[in-house]
Amino acid sequence: MASFHVSAPPTAEEAVRELASGAPGEVAVLAGGTDLLLDLDEGRARPARLVSLRNLPWRTVVWDGAELVVGSTLPLRALETVAGLGERHPALFEAVRAVGGVALRHRATLGGNLGRSAPASDLLPVLLALDAEVDLVGPGGARSLPVDRFLRASRETALGRGELIRAVRLPEPRPSAYLWQRVRPANDISQLSVAAAYSPSDRRWRVALGGVPPRPVLVPEASTPLDGPAPSPAAVAAGARRIAEHPALVSDRRASDEYRRGLVGVLYTRCVRAAARRAGAAA
Ligand SMILES: Cc1cc2nc3c(=O)[nH]c(=O)nc-3n(C[C@H](O)[C@H](O)[C@H](O)COP(=O)(O)OP(=O)(O)OC[C@H]3O[C@@H](n4cnc5c(N)ncnc54)[C@H](O)[C@@H]3O)c2cc1C
């Protein structure tokens, strides 16, 4: 591994200034390091400087009324153990617990998962289905983006030069579910995943597909057939047929298109049914 200088500024302003002062590729942001340190080790990134976020006051999680606000540097293990998360955001709870093992989750962060924007991320499909907003801070000040606009492609986001993810906001508790498929459940990443959530405020479903290149996506055509919090078997079957036609279900090194197309309807059906059961329980 090449040598590099690490700083850990105490304020967001200083972190942004340090980050913006380098040429592209010269300075990198370090959160939990579970992705970045592998990149450094394998030579995929060669920054001369790392700006660690460990001293910033962003390891927070609060319920602000109905809204859940998660600081970007909060370790996933701390998020997983937040009181009420499993009841109010079951899909997020399920997705967090799908990420690696407990030791990894003591380091890995939500901000790092967004910053990496990996196609196989377990958290991104859920953030899409829950209409998460991403709060950013950078040289031009603060701004917020819906997660669907924040994500662009594999390892590509809307982050500008010198910009940092400060927090993620989930607007309201939603009956929801997340299901994934892997070759070896304990130590692989997802080949395919589905998140489904029902919004009591606008009475609409959101369904997102994960594990597919180039990034997790919302699938509105698989949401529209779902009629209310307890969709009929015919509506779920119609949604399952539609999601199987999605153009993101292609072959890559993790799975073939045939496998993904054969499986997606099963994951979708189970996921929607689980979320609908929870919607019934929440009514
Ligand atoms: C063994 C192993 C198993 C894994 N299993 C899974 C899995 O099952 N599911 C899954 O989804 N992921 C998995 N991962 C991936 C990884 O753990 C997650 O992506 C994690 O959430 C990254 O968070 P981090 O804090 O470690 O990020 P880091 O490695 O510190 O950073 C990742 C990227 O995001 C950028 N970044 C970090 N924080 C910010 C910020 N606040 N603002 C702007 N940019 C930022 C960094 O510069 C870097 O480019 C696994 C990784 C390993 C090593």
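Helices (H or I, at least four residues) and strands (E, at least two) are DSSP runs, numbered from the N terminus. I note that the model is predicted: local features need pLDDT of at least 70, side-chain atom pairs count only at pLDDT 80 or more, and totals for chains, interfaces and linings use all residues. Residue numbers start from 1 along each chain as its sequence is written.

**Entry: Thr157**

I looked up Thr157 and found it in strand S9 (residues 156-157). Is Thr157 buried or exposed? Thr157 is buried, because 21 other C-beta atoms lie within 10 Å. The classes I used are buried for 20 or more other C-beta atoms within 10 Å of a residue's own, exposed for 12 or fewer, and partly exposed in between, with C-beta atoms placed from the backbone.

I then listed the contacts of Thr157, leaving aside its neighbours within four places in sequence: they are Leu114, Gly115, Ser117, Phe150, Leu151 and Arg152. A contact here means that two C-beta atoms, placed from the backbone, lie within 7 Å.

**Entry: ligand shell**

Gly115 came up again at the ligand, where it is one of the closest residues, along with Ala31, Gly32, Gly111 and Gly112. I count 31 residues around the ligand, a residue being near if its C-beta atom, placed from the backbone, lies within 6 Å of the molecule. Strand S2 (27-30), helix H2 (36-41), helix H7 (110-116) and S10 each give two or more residues to this shell. H7 has the largest share, with 5 residues.

By class, I find 16 nonpolar, 11 polar and 4 charged residues in the shell. Nonpolar covers Ala, Val, Leu, Ile, Met, Phe, Trp, Tyr, Cys and Pro; charged covers Asp, Glu, Lys and Arg; the others, Gly among them, are polar.

**Entry: domains**

The chain is divided into domain 1 (5-52), domain 2 (61-170) and domain 3 (178-282), with bounds from an automatic or database domain assignment. Why does the ligand lie between domain 1 and domain 2? Both domains give residues to the shell around the ligand, so it lies between them. I also looked up the C-alpha centres of domain 1 and domain 3, which lie 35 Å apart.

**Entry: the sheet**

I traced an open sheet of 5 strands in the order S4-S5-S10-S6-S7, with antiparallel pairing; strands pair if DSSP finds at least two bridges between them. S4 and strand S7 (141-146) are the edge strands, each pairing on one side only. On average, neighbouring strands of this sheet are turned by 20 degrees against each other, direction ignored. Axes are lines fitted to C-alpha atoms, for helices over the stretch in contact, and angles run from 0 to 180 degrees between N-to-C directions.

Helix H1 (residues 12-20) packs on the sheet and touches S6 and S10, its direction making about 125 degrees with that of S10.

S4 (residues 61-64) and S5 (residues 67-71) share 4 bridges, and Val62 stands opposite Val69 in S5. The two strands form a hairpin with 2 residues between them, and Gly65 in the turn has a positive phi of about 65 degrees. Val69 also has a bridge partner in S10, namely Arg169. On S6 (residues 133-138), which joins S10 over 5 bridges, Val134 has Val168 as its partner in S10.

**Entry: helix H5**

Helix H5 (residues 90-98) is mostly covered, with 7 of its 9 residues buried. Among them are Leu92, Phe93 and Glu94.
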